[in-house]
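Student: Could we go through this structure together, one question at a time?
Tutor: Gladly, let us look at it first.

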Amino acid sequence: MKETLAHLVELQAIEDELRDLRQTKAKLESLTKENAEVREVFEQMLAERGEQIEEVKSFCKEKEDSIKEAEETTRRSRSRLSLITSQRELTALNKELDAARRKNAQANEDLGKLREQLADALADFEKKQGEYTALKQQMSEVEDGLRQRIADREAGITAQRARQQELRKAMDPGLFSRFNRTVKARKGVAVVPVGPGGTCTGCRMQVPPQQFIRIKHMSSIEYCQHCRRILVDFAGLKGEPAEAPAEG
Ligand SMILES: [Zn+2]
């Protein structure tokens, strides 16, 4: 009987690994999709910021052009100074020069502000790009970790399937099919260790004292009365010193 119990524990261990493989594959699939979505949002944000930067750059260019133009106008006005013959013309020209100076001062101030804005936007853009690079790195590390785990599990799968068949042949067919039914019904877990003090570690319910003694004795197959999983004294099976059954 001890051997059958040991086989059941081994079958469960194989089942756990196969389940882990399935879950890791599913996790990788959903994570890959999720990460791709996050990257898309990030890239879109970066593209928008890039466009805004280009826009500020073109505003700067416009301002620079209008400053050049105003300077050109001023230069032309000054060159007319030597041609002036009346006070009226001089007053008009001075007015013109004054207006051009004011316009230029305003344009220079605007340009200064735009350049400041551009510098901030560029610094922020660079920071965001750094964050994005770090995020992509982190994502691929996690994804690679999962891929590695899948590869490791898959490497052992043939041997595990073979061992499953060996155990099936060595076991009573009724017990084997009951094991498989419970695996399906109980989220992949049909065999659980009995907890210290006599609890089912599958459903956390207390095992009756008499049954706990039988589990410790390892001469029968014991099912949890609540979740119907097979209860095994894992420590006892490994030959570790038995623990006294809890009182009451
Ligand atoms: Zn239970």
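This is a predicted model: local features need pLDDT of at least 70, side-chain atom pairs count only at pLDDT 80 or more; totals for chains, interfaces and linings use all residues.

Tutor: Residues are numbered from 1 along each chain as its sequence is written, and side-chain values use heavy atoms, with hydrogens and water left out.

Student: How are the rings of Phe42 and Tyr132 arranged?
Tutor: A search of the whole structure finds 1 aromatic pair. Rings of Phe, Tyr and Trp (its six-membered ring) pair if their centres lie within 6.5 Å; planes under 30 degrees apart count as stacked, over 60 as edge-to-face and the rest as tilted. For Phe42 and Tyr132 the centres are 4.8 Å apart and the planes are at 25°, so the pair is stacked.

Student: How many residues apart in sequence are the parts that this pair ties together?
Tutor: Helices here are DSSP runs (H or I, at least four residues), numbered from the N terminus. Phe42 belongs to helix α1 (residues 2-79) and Tyr132 to helix α2 (residues 87-155), so the parts tied together are 90 residues apart.

Student: Is Tyr132 buried or exposed?
Tutor: Buried means under 20% relative accessible area, exposed over 50%, and partly exposed in between (1.4 Å probe, protein chains only). Tyr132 has a relative accessible area of 5%, so Tyr132 is buried.

Student: And Gln164, buried or exposed?
Tutor: Gln164 is found in helix α3 (residues 157-170). Leaving aside neighbours within four places in sequence, Gln164 is in contact (heavy atoms within 4.5 Å) with Leu11, Ile14, Glu15 and Leu18. The relative accessibility of Gln164 is 11%, so Gln164 counts as buried.

Student: At what angle do the axes of α1 and α3 cross?
Tutor: Axes are lines fitted to C-alpha atoms, for helices over the stretch in contact, and angles run from 0 to 180 degrees between N-to-C directions. The axes of α1 and α3 come within 10 Å, and their crossing angle is roughly 150°.

Student: At what angle do α1 and α4 pack?
Tutor: Two packed helices are described by the angle between their axes and the distance between the axes. For α1 and helix α4 (residues 173-185), the axes are 12 Å apart. The contact is made by residues including Leu8 of α1 and Phe179 of α4. The packing angle of α1 and α4 is about 35°.

Note on methods:
Helices (H or I, at least four residues) and strands (E, at least two) are DSSP runs, numbered from the N terminus.
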